[in-house]
Structure formats: structure tokens, C-alpha cells
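Here's a quick tour of a protein model for someone who likes to know the cut-offs. Have a look at the structure first, then read on.

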Amino acid sequence: MLKKIVLLCLLTLLVFAYDFGNVPTVKVVDIPKGKPTMIVFGKTKCIWCEHMAPYLKEIKEKYPKTPIYYINTDKDVLGGINSNVEVLPTTIFWDEEGKEVGRELGYLLPEKIMELLEQYNVLVK
């Protein structure tokens with residue numbers, strides 16, 4: 001019985017893990033340029049990346065035109081390497097030309113994410 005409960009809990013976690021909602025999960029080369037952008041780099045089985053997912057989902061639902069992207073470095077290894085990502089999660093901010101203008105290492109709380117979106121002019125209300 002205990003094994004069934006543990007299995008059910010694990011399956012439930014897998015179903016709800018990494019639900020980024022409307023935040024596109026893409027490769028770095030597929031991110032369009034032309035406006036300030038926020039890119040979050042993470043990977044499968046990264047507990048801190050997983051914990052940021054609901055925050056990103058909520059922000060994207062509230063501000064759907066805000067350009068936020070998620071890069072899974074397990075699927076886009078070159079994107080992570082070319083972006084000099086050494087710590088996960090890493091959040092990078094691009095200007096309109098696709099040049100890096102800011103970088104935050106590690107887990108971010110929703111208040112900090114909102115502050116950074118406004119600081120780098122990414123937030124579209």
C-alpha cells in the first residue's frame with residue numbers, strides 16, 4: 001500500500017512539474033529579436049528551475065505580450081554553452097538587438113522577476 005501511495009505521489013509530481021503555461025520552451029536560436037526579452041535557462045530535474053515555473057507561468061498569463069522564454073539545457077546544450085550558462089537557473093535579459101544587457105544567477109522570487117522585467121524594459125502591460 002505504501003509503495004502505491006509513493007508511486008502516486010511521484011506520478012503527480014511529474015504531471016505538474018515544469019508547467020510553464022504560455023512561456024515558450026525553445027532553443028536560443030529560435031528566439032526572435034526586435035524587443036527586450038527575458039530568457040530563463042534551466043534543465044530537467046533542476047529543483048530550483050521547477051520552483052520558478054509557476055512564477056513564470058503566472059507572469060506570462062497576466063502579461064501575455066511580455067517576451068519570456070525558457071531554455072531547457074538538456075535539449076539545447078549549445079544554447080547554454082554559447083550563452084555562457086554555468087549555473088542553473090540563469091536568467092538573461094536581451095535588448096532589442098539580442099545583445100545581453102543583464103544576467104541573474106540562481107533562483108528568483110516573483111517580486112525580483114517583476115523588478116527585473118521592469119528594469120530591463122521587458123514587461124509589456
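Predicted model: local features only at pLDDT ≥ 70, side-chain atom pairs only at ≥ 80, totals over all residues.

## Fold at a glance

Which pattern does the protein follow, read along the sequence? The answer is α-β-α-β-α-β-β-α, built from four helices and four strands. Helices (H or I, at least four residues) and strands (E, at least two) are DSSP runs, numbered from the N terminus.

Of the 125 residues, 41% count as buried; buried means under 20% relative accessible area, exposed over 50%, and partly exposed in between (1.4 Å probe, protein chains only). Take the contacts (heavy atoms within 4.5 Å) with a separation of 6 or more: residues 24 or more positions apart account for 73% of them. The protein exposes about 7800 Å², with 59% of that supplied by carbon and sulfur atoms. Accessible areas come from the Shrake-Rupley method with a 1.4 Å probe, and for residues only the protein chains shown count as cover.

Residues are numbered from 1 along each chain as its sequence is written, and side-chain values use heavy atoms, with hydrogens and water left out.

The mean pLDDT (the predictor's confidence in each residue, from 0 to 100) is 87, and 84% of the residues reach 70 or more. Confidence is lowest in helix α1 (residues 2-16), at a mean of 51, and highest in strand β3 (residues 90-94), at 98. Over residues 7-16 pLDDT stays under 50, and the model has zero contacts beyond four places in sequence for that stretch.

Lys45 is in the loop between β1 (37-42) and α2 (47-62). Lys45 counts as exposed because its relative accessible area is 78%. Its phi is positive, about 65°, although it is not a glycine.

Most residues other than glycine have a negative phi, and most peptide bonds are trans. Where in the chain does Asn84 sit? Asn84 is in the loop between α3 and β3, and has a positive phi of about 55° without being a glycine. At 54% relative accessibility, Asn84 counts as exposed.

Pro89 also lies in the loop between α3 and β3. The peptide bond leading from Leu88 to Pro89 is cis, with omega near -5°.

Is Thr73 buried or exposed? Thr73 counts as buried, because its relative accessibility is 14%. It is placed in the loop between β2 (68-72) and α3 (77-82), and, leaving aside neighbours within four places in sequence, is in contact with Phe41, Gly42, Lys43, Gly80 and Leu88.

Lys43 turns up again in a salt bridge with Asp74 (3.6 Å, N to O). This pair links distant parts of the chain, 31 residues apart: Asp74 in the loop between β2 and α3, Lys43 in the loop between β1 and α2. Asp74 is partly exposed at 38% relative accessibility, and Lys43 is partly exposed at 33%.

## Other salt bridges and a nonpolar patch

The structure holds five salt bridges, each a side-chain nitrogen of Lys or Arg within 4 Å of a carboxyl oxygen of Asp or Glu. Among them, Arg103 meets Glu100 at 2.9 Å, N to O; Arg103 is partly exposed at 26%, and so is Glu100 at 42%. Another is the pair Lys125 and Glu118, at 3.9 Å, N to O, where Lys125 is exposed at 76% and Glu118 partly exposed at 45%.

Val77, Leu78 and Ile81 make a nonpolar surface patch of about 300 Å². Patches are made of residues with over 30% relative accessible area and no salt bridge, with like charges joined within 9 Å and nonpolar side chains (Val, Leu, Ile, Met, Phe, Trp, Tyr) within 5 Å. Val77 is found in helix α3 and counts as partly exposed, at 48% relative accessibility.
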